[in-house]
Amino acid sequence: MSVAISHTAEVQKFFEGASGFDQAGGNARVKTITHRLLTDIIKIIEELDISTEEFWSAVNYLNVLGSRQEAGLVVAGLGLEHYLDLRMDAEDARNGAVGGTPRTIEGPLYVAGAPLCEGFAKLDDGVDQGVRLTMQGVVRDTEGTPISGALVDVWHANTGGTYSYFDPSQSEYNLRRRIVTDSEGRYRFDSIVPSGYGCPPDGPTQLLLDQLGRHGQRPAHIHFFISAPAHRHLTTQINLAGEKYLYDDFAYATREGLVADIVFTEAEGMPGGKIASIDFDFALQPTINEKSEGRRDRVRALES
């Protein structure tokens, strides 16, 4: 049933009303966005001849997606979160804001309020007997000057590929800390080597990826928020060199400049018979305005 009526004045007026254009109250920006979504959706229905069965299957998919709280996974897996990074990169290039450590996606698993430490932190609670990891580095500006008092907010998965708070078997704030750099801009933490992981195999994200012929795997990585007065907030993550999915990350988070070499050393009596170390420095751009010092607003766990 390939019928096109979206262009008619009657249908256009109908969706203007559905978007609240004929109402004095409400939010003008929300009205405009809603109207665009509705008019684009009905064009897709017509142009791709979407059946009613396909339409209601999509509606049910959205219900399941919300009930499983996987919307953050879907937007990453479809490249939309990476697209936002590319758009901000293009805006920076236009404005001459270049240099520093590259940004990359935040993902949906940050939890606010991790314990605050000075210079050094132990991230793990000692329960997970993974390979011990020490990571250290310096936070600098784009001229190479160390930044004292910068805040390094770090979080990563355990060896099972799960995160505290979202995995109730882990202790509170396990593998999550905030570290203030010392007088020479240095940070350091002890932890365990994280594991890569995949989307829940029975979840709606993997269901969609299966339909696209794609996997839902991520390489091992470590997330960071880096911030300091008079410098732009940095949202980024490093991926560990040598990982199977390093350049085939379903979430498109791997970027040049964010691949960290991890060095393994034999260590008798340690878990796995070895220890690991990573050296990685971060560079922050100067601030454009006061607002750019803070992370962008979005709903995050335990963040008011």
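This is a predicted model: local features need pLDDT of at least 70, side-chain atom pairs count only at pLDDT 80 or more; totals for chains, interfaces and linings use all residues.
A residue counts as buried when its relative accessible area is under 20%. Yet Glu 70 carries a charge partner: it forms a salt bridge with Arg 68, with the closest N and O atoms 3.8 Å apart. Arg 68 is partly exposed, at 34% relative accessibility.

The whole structure holds 19 salt bridges.

Take Asp 190 and Arg 188 next. Their side chains meet in a salt bridge, 3.9 Å from N to O. Asp 190 is partly exposed, with a relative accessible area of 21%. Arg 188 is partly exposed too, at 35%.

Now turn to Arg 295. Its salt bridge is with Glu 303, and the closest N and O atoms are 2.6 Å apart. Arg 295 counts as partly exposed, at 28% relative accessible area. Glu 303 is also partly exposed, at 28% relative accessibility. This pair belongs to a network of salt bridges that also links Glu 81, Glu 106, Arg 298 and Arg 300.

How many disulfides does a search of the whole structure find? It finds zero. Are Cys 117 and Cys 199 buried or exposed? Cys 117 is buried, because its relative accessibility is 16%. Cys 199 is buried as well, at 6% relative accessibility.

Conventions
Residues are numbered from 1 along each chain as its sequence is written. Side-chain values use heavy atoms; hydrogens and water are left out. A disulfide is a pair of cysteine sulfur atoms within 2.5 Å. Buried means under 20% relative accessible area, exposed over 50%, partly exposed in between (1.4 Å probe, protein chains only). A salt bridge is a side-chain nitrogen of Lys or Arg within 4 Å of a carboxyl oxygen of Asp or Glu.
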